[in-house]
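Take a look at the model below. The text then walks through its domains, its interface and its charged pairs.

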Amino acid sequence: MKPLIQACLFDVFGTCVDWRGSVSRAVAAAVPGVEAEAFATAWRAQYDPAMARVREGARGYVALDELHLENLDTVARSFAVEIPDRVLLNAAWEQLDPWPDVVAGLTRLKREVIIAPCSNGSIALMTRLARHAGLPWDCILGADIARGYKPQPEVYLASCAALRLPPEAVMMVAAHNDDLIAARAAGLRTAFVPRPTEHGPGQVRDLIAQSDWDVIAGDFIDLAEKVAALGPGGGVSRAGA
């Protein structure tokens, strides 16, 4: 019998917040004349390769704030543009807007379980983003705790350990099937919530759940209802109970 779910951890970029639309607006304001959506997409495309060098041991742990800034410089060179204030533009990642269902869904879910991000973003970045977007986390977990990057199992396991919970009592929530594959391999429970416009109208990946995740929800409000419906006898330990 599976233990009670006592916490839900969340991927943030794409799952909770609209990085593409938000960063595109910031780029358009900072660098007039550039094709803002193409620039934002190219900036995001540097994200995984930059983290891969850390995961593979080619460099020590570097917070995502610094990787984003390095990646900004790379993309600016490829677009042949000057960034008037690169540090200010880099802060766009701290000012991403939530999807419409997120704040209400998290607020509802928080009545049932502990909620926290398990993101590749640093504690500083996630804290400022939460303040901007109104994300009601109980605490901030993820990369800075593990000093590594998803999908390394240590990132998921360090977040569980910080809560003093076994992995099987924790559910990872993401809009990305590969994130959930890694979380399940580390022993966590899993929930899929699609974000079919994360990458724009031509998105082709992560449109549907690609495995039998523990929960598949249409949005965060649906997620909160499905978690609540499990009840104390069906797998959820209500916060404060």
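**A salt bridge between two domains**

Arg25 forms a salt bridge with Asp97, with 2.6 Å between the closest N and O atoms. A salt bridge here is a side-chain nitrogen of Lys or Arg within 4 Å of a carboxyl oxygen of Asp or Glu. Between domain 1 and domain 2 the count is one salt bridge.

This is a predicted model: local features need pLDDT of at least 70, side-chain atom pairs count only at pLDDT 80 or more, and totals for chains, interfaces and linings use all residues. Residues are numbered from 1 along each chain as its sequence is written, and side-chain values use heavy atoms, with hydrogens and water left out.

Now the domains themselves. Domain 1 covers 7-18 + 96-230, and domain 2 covers 19-94. These bounds come from an automatic or database domain assignment. The C-alpha centres of the two domains, domain 1 and domain 2, are 22 Å apart.

How many residues of domain 1 are in contact with domain 2? There are 25, and they meet 21 residues of domain 2. Contact means heavy atoms within 4.5 Å. About 1,900 Å² is buried between domain 1 and domain 2, and carbon and sulfur atoms give 54% of that area. Buried area is the accessible area (1.4 Å probe) that two parts lose on being put together, summed over both.

Polar pairs also cross this interface. The rule finds 13 residue pairs in polar contact across domain 1 and domain 2, both residues at pLDDT 80 or more. A polar contact is a pair of N or O atoms within 3.5 Å; within protein, one must be able to donate a hydrogen and the other to accept it, and residues adjacent in sequence count only if both atoms are side-chain atoms.

Which elements give two or more residues to the side of domain 1 that touches domain 2? They are strand 2 (17-18), helix 7 (123-133) and helix 8 (143-146). Helices (H or I, at least four residues) and strands (E, at least two) are DSSP runs, numbered from the N terminus. Helix 7 gives the largest share of that side, four residues.

Next, a residue within domain 2. Asn71 sits in helix 4 (residues 64-79). Is Asn71 buried or exposed? Asn71 is buried, at 4% relative accessible area. Buried means under 20% relative accessible area, exposed over 50%, and partly exposed in between (1.4 Å probe, protein chains only). Leaving out residues up to four places away in sequence, Asn71 touches Trp43, Gln46, Tyr47 and Ala50.

Back to charge. Side chains of opposite charge can pair when their charged atoms come close. By the salt-bridge rule the count comes to 14. One of the pairs is Glu37 with Arg20, the closest N and O atoms being 2.9 Å apart. Glu37 is in helix 2 (residues 36-45) and Arg20 in helix 1 (residues 19-30), so this pair links distant parts of the chain, 17 residues apart. Glu37 is partly exposed at 44%, whereas Arg20 is buried at 16%.

Asp48 pairs with Arg55 in a salt bridge, again with closest N and O atoms 2.9 Å apart. Asp48 is partly exposed at 40%. Arg55 is partly exposed at 22%.

Arg189 forms a salt bridge with Asp214, at 3.8 Å between the closest N and O atoms. Arg189 lies in strand 7 (residues 189-192) and Asp214 in the loop between strand 7 and strand 8 (215-216), so the pair ties together parts 25 residues apart in sequence. Arg189 is buried at 10%, while Asp214 is partly exposed at 32%. Finally, a network of salt bridges links Asp11, Lys150 and Asp179.
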